[in-house]
Amino acid sequence: MKQFRRSVLRREILDYVMIAVGMLSYCIGWTIFLLPNNIPTGGVAGLSSILFWGFGMPVHISYFLMNAVLLAIALKVLGLKFCVKTIYGVVLLTVFTGVFRQAFPHPDLLAEEPFMGSIIGAVFCGVGIGYGLSFNGSTGGSDIVAAIVNKYRDISLGRVILLVDMTIVTLSYVVLHDWEQVIYGYVVLIITSFVLDQVVNSGRRSVQFLIISDKYEEICRRITEDPPHRGCTILDAHGYYSGNSMKVLIVVTKQREAGLLYRMIDDIDEHAFVTQSQVMGVYGKGFDRFKIRHKDHE
């Protein structure tokens, strides 16, 4: 029980640390590359940018106030569990943004190259949102709206977020009066979305190994007993050309652990026959949970 509690505590601490790293990355992309170069973005950050360009309202204040309203609604509709780490992310991003705006009030990085600024800013923002979502947090804004809509309507989260963000970027024309800047905003949305997917999915990619070796028992023992402690399935097989009976091992592991698995196999049997293939989804203990929507039937 104590070991379980320590494991949960470490996981929670890691979540909060990585959410902080994500919010810092988003802050850099937004306040250093996008906002000074009049490049719009989506979500509450995009609305805060519009208020800043149009009325001079500090972005960290408008960002916090709008998210406070959304979070108050989300607390009532979605519950505290959904909101705890989102509140943490919003507060951190508000603090980071305020500090960066004080420390770097007029950054001029890539001021003459807005397209490059939009790309680099979008990468930082995508990494930031990706880290937040990967560790059960978020930057608030569009994520909250999407979650609320998704609870009552069978509309995907991605579709809602894209619709909200494109509307906000288009609305920025009211204060910028420049369609070129709006187009840069669309570029930001596309690149942010792409980077976000890469960050979120990178930790979930899995591979499957098929291993044929006379030393299959030793290989299985090493794979199951040594980190990363993966399971091993043994199948009976028959070689058509050789006519010999053999054992085939099936091992599924995270892609980042593949190199470690190769070293284990090579240490035991350098002549083992091994194939590696990408798998689309792995569900179960040690991997993802089933993503099934349970609908209430009245």
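Predicted model: local features only at pLDDT ≥ 70, side-chain atom pairs only at ≥ 80, totals over all residues.
The buried residues in question, within helix H10 (residues 216-225), include Tyr216, Ile219, Cys220 and Ile223. Viewed along the axis of H10, the buried residues stay within an arc of 100°, so they line one face of the helix. An α-helix has 3.6 residues a turn, so residues three or four places apart point the same way.

## Aromatic pairs

The structure contains 8 aromatic pairs. One of them joins Tyr173 and Trp179 in a stacked arrangement, with 4.2 Å centre to centre and 15° between the planes. Tyr173 is partly exposed at a relative accessible area of 29%, and Trp179 is partly exposed at 47%.

Phe209 and Tyr262 form an edge-to-face pair, with 5.1 Å between centres and 75° between planes. Phe209 belongs to strand E1 and Tyr262 to helix H11, so this pair ties together parts that are 53 residues apart in sequence. Phe209 is buried, at 0% relative accessibility, whereas Tyr262 is partly exposed at 36%. Elsewhere, ring pairs link Tyr26, Trp30 and Tyr63 into a cluster.

## Nonpolar surface patch

H4 gives the most, with 6 residues.

Val84 is located in helix H4. Its relative accessibility is 36%, so Val84 counts as partly exposed.

Methods:
Residues numbered from 1 in each chain as written. Heavy atoms only, no water. Helix = DSSP H or I, 4+ residues; strand = E, 2+ residues; numbered from the N terminus. Buried < 20%, exposed > 50% of the residue type's maximum accessible area, 1.4 Å probe, protein only. Arc of directions from axis to C-beta. Phe/Tyr/Trp six-rings, centres within 6.5 Å; stacked < 30°, edge-to-face > 60°.
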